[in-house]
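Here is a walk through one protein model, from the overall fold down to single residues. Keep the 3D view open as you read.

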Amino acid sequence: MPFSILLHQAKRTPLPPVTTMANHLRQLLTIRTHLCYDLNLTIDRLSKTETKKHRDEIYQTAHNYLFLPIPPQIARTLESSTLGRQKPPKHHHKNIHYTRIHIFKSLLLRYTNKNPASGFQFVGTPAPSIWRFMALENIVKEALNALYHHPDDAVRSQADQWLQEFQRTIDAWQVSDNLLHDASSNVETLIFCSQTLRSKVQRDFEELPSEAFRSLRDSLNNLLKTFHKGPPKVRTQISLAVAALAVQVPAEDWGDGGIMNWLRDEMNSHPDIVPSFLELLRVLPEEVFNYKIAARPDRRRKFENELASTMDVALGILTACLNIPELKEQALEAFASWLRLRHRIPASVLATHPLVLTALSSLTSDVLSEAAVNVISELIHYTSSRNTEGFSVQMPLIQVIVPQVMNLKSQLRDSSKDEEDVKAIARLFADMGDSYVELIATGSDESMLIVHALLEVAAHPEYDIASMTFNFWHNLQICLIERESYLSLGNESLIEAERNRRVQVFRSSYESLVSMVSCKVQYPQDYSELSKEDQKDFKQTRYAVADVLIDAALVLGGESTLKILYMKLVEALSGPQNGDMMDWRPSEAALYCIRAISELVPFTEAEVMPQIMSLLPKLPHQSLLLQTVCLTVGAYSKWIDAAPSGMTFLPSVIDILVSGMSMSEDSAAAAALAFRHICDDCGKKLCGSLDGLFQIYQRAMTGEGCFKVAAQDSLHLVEALSIVITELPPDQAKKALEALCIPAVAPLQEVINQGPLVLGQKPAREITVHIDRLANIFRYVNNPEAVADAIQRLWPLFKAIFDIRAWDMRTMESLCRACKHAVRTSKRFMGVTIGAMLEEIQGLYKQHHQPCFLYLSSEVIKIFGSDPSCADYLKVLIESLFSNTACLLTKIQDFTTRPDIADDCFLLASRCIRYCPHLLFPSPVFPSLVECSMIGITVQHREASNSILSFLSDIFDLGKSSHGQQFVSMRDNVIIPRGASITRILVAASTGALPSSRLETVAYALLALSRAYGGKALEWAKESVSLIPVSAATDMEKSRFLQALSDAASGVDIKGLTIPIEELSEVCRRNRTVQEIVQEALRPLELNLVYVSS
């Protein structure tokens, strides 16, 4: 039976009622899914209705919207109507869209003037279906024309939307096939239709009846032949479609012994079409790893095995193609693709294989070099694939590859070579380095030849080429330094001796590397003129070079690396002058590198660091240079604190940072961060200079003295002073803390004094900037009594802001953050303030439902939850918060619109389980909280969903903790009656209701449920899984899923049980249709919720 006829057996959308036809026709006037399909059905249905009103409505709609002649099919039906005898206006309305008219005209022409024509015969197909496909074909062409050529962005967007929706319809199969067989189709149409057909085969193959496979295969085969000299993009898409078909159809169903034998026979029968078939041969192994194809995991594994078993056939075909010069490049590209399967062909066989020898001999070919490089790159990876026998079995092939690649070394310096050719050669050396790093790390003479070649790559002026080696230097460093690399030696003395020997062998290489890469961080002359994207790329380059310098310092030692970089700095400072102006860029580059290795320079270093610190104040105050100077000061704050001479540098260092705060916003940000590091590490030394530090702090807070510290960066200064205050004696700390708070408290108090109206109308930022500073003070002043005293004095101010601005989420989040840090630092010194704080947020939550009130409560629970003296008011607090939240979240839409509330609510609930289960589980609010979580499990918001799933997992894991076991019976009274529904929702979540990125969290909840409830959970799971149709998941796939849950119930470690859950998830998500079927089957009945009032 022809493919086109089988296609008509697929499920179609039912026809809408006649009463909706007039409105439906209006929708047809824009580019939408099923446009002409529905129009045809409307016309077809119109002939069957005898209601004059409906006929007139449809005619009037077309008449008014289009001002076009009505096609004969409608006109004849409306002959008796007075409306039918009216003439259309002479001119189209100005607002009627050009594209809309054009598309609809084409549709009408299809109905009135043209005969059916397509690449297939519609034997026995009713005429309306012919018209439908013909009209759709025309609309696709018109939409593509609008997409690519219409000057109006809105029209292009509309056309694009329609085309995307069209691709998801059942009709896309036949329409795409027809247009691909239509010789009049232009390139745009061919590319679109080939992409559509490919995506349909990949994702929607199950839409077709099983008998349609052979017709589809034959049609695709014919298209391959048709386009063997056509547009390459079209040929590639058709090849991908055939490959996707092969992934989903078992070899025994494919016939002819499977796709490889079928392909070989086709190539023998049609030698002129071989290039097309070679492209198919290339993409076949690549599609094994294409998870866009809606194949089951079992089928994917079998397909990989099918291809592996026919490797000899594939290589035989490719070897034969080598005899035809025009096919060599394609044959080599296909060979590279097949090598990615990592099928274990013995290295001794590959070492002498014609395909390998041809690739090696083609490395210097102008025509074949790119394909040859791809092959050799895959062979290098092939030989490095880990196996039990190690590299020894791969040596025959390695010994063939390495000398040939090494012969290319001279081309790295060949200025006549194209950059892309040099990049390809560099890639081979980088691949060898990455793949053979364990062999290279032995330090043999042969391996050092590869290292020297990699140094040449690293020295290349183009960063894209030099950076190819960075991964190698990192992995080599690990092999040289990490103890695991030497475990086979056994004896500690032997390990240390061998490590020292290897480090010594590679020392000169890493020293050269440091010199080579350090110049790559120098700012380009035109940096300020670069686009933001280019500036961002340059910063990424600097980060990558910094990582390489750290790797080198781990091998060489921080002191040795520092000496090399210091010489770079001296060289830069003594370099050529441009009149009175020194080029600051080389000095900045050297300092950037010195800063990068700061963590590896010992605090006892006394030779180079003092000289560097002496140089810093002498450097010119250029903004970017000063920014790096400040960051370097901050990076070496620990050295300044520990070094014997460090104290002598503190005054000049502080002066540098003050200059940085006055230069520019960027240098001010760097200076503020460095100031924080200096105070953090040198806090005790700075206690005697507190007055001077306070002056800097106050000037920065108020913007005096041209200070350019942004509000966000000023928090670093707040932290810095807070850390110094922590080092003070308790009596001095309280006074200093009060002084530290004044610049933040005074503006807030001034606003409050102006009355509630002013406070309520102030922009949030003008309030939160000061509250954020107080929050950082409470966070970093590690003196619980002093902070408790401060928060007690400031509570009236906080309460005023709570009362007046409780509606303002931004202000409330800032204020709750300040309270959170006060609670964390003060803990039990909070005294009566904590009670007042909780009473405030409990009352305000009922009115304003700010999520941050829940988060602040969770912090209180974390600290005070196990305190018996707090039990009474904490119990009232959580019951009030949970009952109010449960009333807010009664359906999934509530979770979607208020995800922050859900997130913080269930974070609070989880903390209650951990810190005060004695308050949560006996509470009457616990059942409603569980039911609330059931409603929200499938919320798409990531954090909210994770919090809910973690809450449920914590409930299921309650018996694992000693303090939780006593509440297991209370838990079970709530969970067991709801167990079947919870399981069903979790199964739905794992099979598509939640994104696959959340599968790990869902899987843990399912396994934890099984572990907690054993046989009961297994029965719940069986009941849920049985609802999944066999068309979506086979009995075997369901069985493996249930076995994983059974193993969890038996006490097997959960970590090893996730694969069957992942596979069922993949099966049920393999395409949109299957996912919708599964979710419809698993969708639970409405939950009947009963909430407990607070």
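Among contacts in the protein chain between residues at least 6 apart in sequence, 74% link residues at least 24 apart. The model is a predicted one. Its secondary structure comes to 58 helices and 2 strands. The protein chain has 1094 residues, and buried residues make up 55% of them.

Start with a pair of helices. Helix H40 covers residues 730-753, and helix H43 covers residues 784-805. They pack at an angle of about 0°, with their axes 11 Å apart. Angles under 35 degrees count as roughly parallel, so H40 is roughly parallel to H43. On the H40 side, the contact involves Lys734, Leu737, Glu738, Val745, Leu748, Gln749 and Ile752. On the H43 side, the residues include Glu785, Ala786, Val787, Asp789 and Ala790. Arg793, Leu794, Leu797, Ala800 and Ile801 of H43 also take part. By type, the residues of this contact divide into 11 nonpolar, 1 polar and 5 charged. An α-helix has 3.6 residues a turn, so residues three or four places apart point the same way.

H40 also holds a proline, Pro747. Pro747 has a relative accessible area of 21%, so it is partly exposed; the buried class stops under 20%. Leaving aside neighbours within four places in sequence, Pro747 is in contact with Ile742 and His770. The C-alpha atoms of Pro747 and Glu766 are separated by 9.1 Å, and these residues are 19 apart along the chain.

Now compare a second pair. Helix H8 (residues 153-167) and helix H10 (residues 187-204) cross at roughly 40°, and their axes come within 10 Å. That angle makes H8 oblique to H10. Leu163, Phe166 and Gln167 of H8 meet Phe192, Thr196 and Lys200 of H10. The residues of the contact of H8 with H10 divide into 3 nonpolar, 2 polar and 1 charged.

Helix H54 spans residues 979-993, 15 residues in total. How far apart are its end C-alpha atoms? They are only 18 Å apart, short of the 21 Å that a straight helix would reach at 1.5 Å a residue. Of the 15 residues of H54, 12 are buried, so the helix is largely enclosed by the rest of the structure. The buried residues include Gly979, Ile982, Thr983, Ile985, Leu986 and Val987. Also buried are Ala988, Ala989, Ser990, Thr991, Gly992 and Ala993.

Is Ser857 buried or exposed? Ser857 is buried, with a relative accessible area of 0%. It is found in helix H46, residues 851-864. Beyond neighbours within four places in sequence, Ser857 is in contact with Ile841, Leu877, Leu881 and Leu908. Ser337 sits in helix H18, residues 328-339. Ser337 is buried too, at a relative accessible area of 1%. Not counting residues up to four places away in sequence, Ser337 touches Arg282, Pro285 and Glu286.

Now the loops. Asp256 is in the loop between helix H13 (251-254) and helix H14 (259-269). Its relative accessible area is 46%, so Asp256 is partly exposed. Not counting residues up to four places away in sequence, Asp256 touches Arg217, Asn261 and Trp262. Check its backbone: phi of Asp256 is near 60°, a positive value in a residue other than glycine. His849 is found in the loop between helix H45 (832-848) and H46. Phi of His849 is near 50°, again a positive value in a residue other than glycine.

Last, the cysteines. How many disulfides does the structure hold? It holds 0 disulfides. Cys932 is in no disulfide, and the nearest cysteine sulfur, that of Cys905, is 6.0 Å away. A disulfide needs two cysteine sulfur atoms within 2.5 Å. Cys932 is buried, with a relative accessible area of 1%. Cys321 also counts as buried, at 6% relative accessibility.

Methods
Residues are numbered from 1 along each chain as its sequence is written. This is a predicted model: local features need pLDDT of at least 70, side-chain atom pairs count only at pLDDT 80 or more; totals for chains, interfaces and linings use all residues. Side-chain values use heavy atoms; hydrogens and water are left out. Helices (H or I, at least four residues) and strands (E, at least two) are DSSP runs, numbered from the N terminus. The expected span of a helix is 1.5 Å times one less than its number of residues. Buried means under 20% relative accessible area, exposed over 50%, partly exposed in between (1.4 Å probe, protein chains only). Axes are lines fitted to C-alpha atoms, for helices over the stretch in contact, and angles run from 0 to 180 degrees between N-to-C directions. Angles under 35 degrees count as roughly parallel, over 145 as roughly antiparallel, 65 to 115 as roughly perpendicular and the rest as oblique. Contact means heavy atoms within 4.5 Å. Ala, Val, Leu, Ile, Met, Phe, Trp, Tyr, Cys and Pro count as nonpolar, Asp, Glu, Lys and Arg as charged, and the others, Gly among them, as polar.
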